[in-house]
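Please look through the sequence and the three-dimensional picture below before reading on. The paragraphs that follow lead from strands to helices and then to single side chains.

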Amino acid sequence: MTAFHYADGSSSVRKGRGATYDPHNRFAPTQSVAEDDGWWREETSTSIVTEVREEVSKSALSWNTSPDLPFDRSLNPYRGCEHGCVYCYARPSHAYWDLSPGLDFETRLIARSGLVERLTDELCHPNYVCRPINLSGNTDCYQPLEAKHQTTRRLLELLLECRHPVTIVTKSSLILRDLELLSEMAEHRLVRVFVSLTSLDANLKRTLEPRTASPQARLKIIRELNTAGIPVGTLVSPIIPGLTDHEIERILEAASRAGARTATWMLLRLPHEVAPLFEAWLEAHYPERAAKVMSLIRQCRGGKDYDARFGKRFRGEGVFAEMISQRFNRASRQWKLQSRTEQGLNTRDFRPPRAQGDLFY
């Protein structure tokens, strides 16, 4: 695959966006292909304005039985993500909303309304059993539109009120807005935060994860969370063979020095449309490395772009994947970083949101 271009040959790379094109929605019954008919046309703008629409939520929690995940429930305030990380494994989910997993995923977003009310109802169900909820299981709960909608903050206020534990994964500095709230949750052992660190190379970050916080800003997040007494770790994800794997040791050292106490990793995942999107990104930004990177990825995936099997999808297999694992484990021991865990979070003090005021509703 080569990088996508318009009919007139102009580059499809857009400043501040990760994807270089919109792949066909695999659920759509028809497909449109642009053809140059030789007639004059206006120059296409290289910028795309972010559009946000609201969706009234019918439920709050998403459930899973995956043996690869340390949690069985998650909560996602937003569909799509303006961060624009080209490798995001959540991109294919946008096809379920009749949108493309490419540029649509990062420019045509959905804010879920009514989540606090739906979560309240679900936590009050007689059969509900309290275990940690993962925020950002699909897309970042602190992506830019959170600054306006504040759904994540209101969810955290509810969880603090009913003493329900939560884990958060983010790569956004916006989390520092809620520092006092998270600090109060930490006092009750109700929260753990994992800051995603993909690379310490700011230039690489600008195209790989265009609208995320810089590597230095993410280290500052770790530092400030740790200073505030909030348990914080790092998620080195994704590790991209031939592109970011050489940074493993430096990332873990930097995270540890900043105050991270836990660390885990995931290999690059390329499900469905993500594989051609990532390959097009490579051709556009790192053409001299594209063939090598894809070759190494396939070596870790049994010769394919992706292997979705449990036990394989997060870590891969083969010599190169095993080498990554050994390097990560050795560096983690060196910097005294523990594995990610949800153990130690407080589930005993949970009380349903309306437990003491039901008579007044």
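Two strands are said to pair if DSSP finds at least two bridges between them, and the helices (H or I, at least four residues) and strands (E, at least two) are themselves DSSP runs, numbered from the N terminus. The model is a predicted one, in which local features need pLDDT of at least 70 and side-chain atom pairs count only at pLDDT 80 or more, while totals for chains, interfaces and linings use all residues. Residues are numbered from 1 along each chain as its sequence is written, and side-chain values use heavy atoms, with hydrogens and water left out.

The protein contains 11 helices and 10 strands. Of its 361 residues, 53% are buried, where buried means under 20% relative accessible area, exposed means over 50%, and partly exposed lies in between (1.4 Å probe, protein chains only). A contact means heavy atoms within 4.5 Å, and among the contacts between residues at least 6 apart in sequence, 81% join residues at least 24 apart.

Strand β8 (residues 191-196) and β9 run parallel and are joined by four bridges, with V195 standing opposite T234 in β9. β9 also pairs with β10 in the parallel sense, over five bridges, and here L235 stands opposite T264 in β10. Strands of a sheet pair through backbone hydrogen bonds, either parallel or antiparallel. How many of the eight residues of β9 are buried? Eight of the eight are, so β9 is largely enclosed by the rest of the structure.

Elsewhere, three strands form an open sheet in the order β1-β5-β4, with mixed pairing. Because β1 (51-56) and β4 (78-79) stand at the edges, each with a single partner strand, one side of each is left without a neighbour in the sheet. β1 pairs with strand β5 (residues 108-113) in the parallel sense over six bridges, and E54 stands opposite A111 in β5.

Now turn to helix α11 (residues 319-334). The expected span of a helix is 1.5 Å times one less than its number of residues, so the 16 residues of α11 should span 22 Å, and the distance of 23 Å between its end C-alpha atoms agrees with this. Which residues of α11 are buried? They are F320, A321, I324, S325, R327, F328, A331 and S332. Seen down the axis of α11, these buried residues fall within an arc of 165 degrees, so they line one face of the helix; the arc is that of the directions from the helix axis to the C-beta atoms. On the other side of α11, V319, R333 and Q334 are exposed. The buried residues of α11 pack against β9 (232-239), α8 (248-258), β10 (262-267) and α10 (290-299). Just after α11, K336 takes a positive phi of about 55 degrees.

Aromatic rings come next. Rings of Phe, Tyr and Trp (its six-membered ring) pair if their centres lie within 6.5 Å, and planes under 30 degrees apart count as stacked, over 60 as edge-to-face and the rest as tilted. By this rule the count comes to four aromatic pairs. The rings of W265 and F328 have centres 6.3 Å apart and planes at 45 degrees, so this pair is tilted. Since W265 lies in strand β10 and F328 in helix α11, the pair ties together parts that are 63 residues apart in sequence. Both W265 and F328 are buried. W281 and Y286 form another tilted pair, with 5.6 Å from centre to centre and 45 degrees between the planes, and F278, W281 and Y286 form one aromatic cluster. W281 is buried at a relative accessible area of 0%, and Y286 is buried at 15%.

Helix α9 (residues 274-285) has 12 residues that should span 16 Å, and its end C-alpha atoms are 16 Å apart, which agrees. Its buried residues include F278 and W281, and what covers the buried residues of α9 includes α6 (202-208) and α10.

A last stop is L159, which lies in helix α4 (residues 151-161) and counts as buried at 0% relative accessibility. Not counting residues up to four places away in sequence, L159 touches L119, L123, I133, H164, V166 and M185. The C-alpha atoms of L159 and P353 are separated by 8.5 Å, although the two residues are 194 residues apart along the chain.
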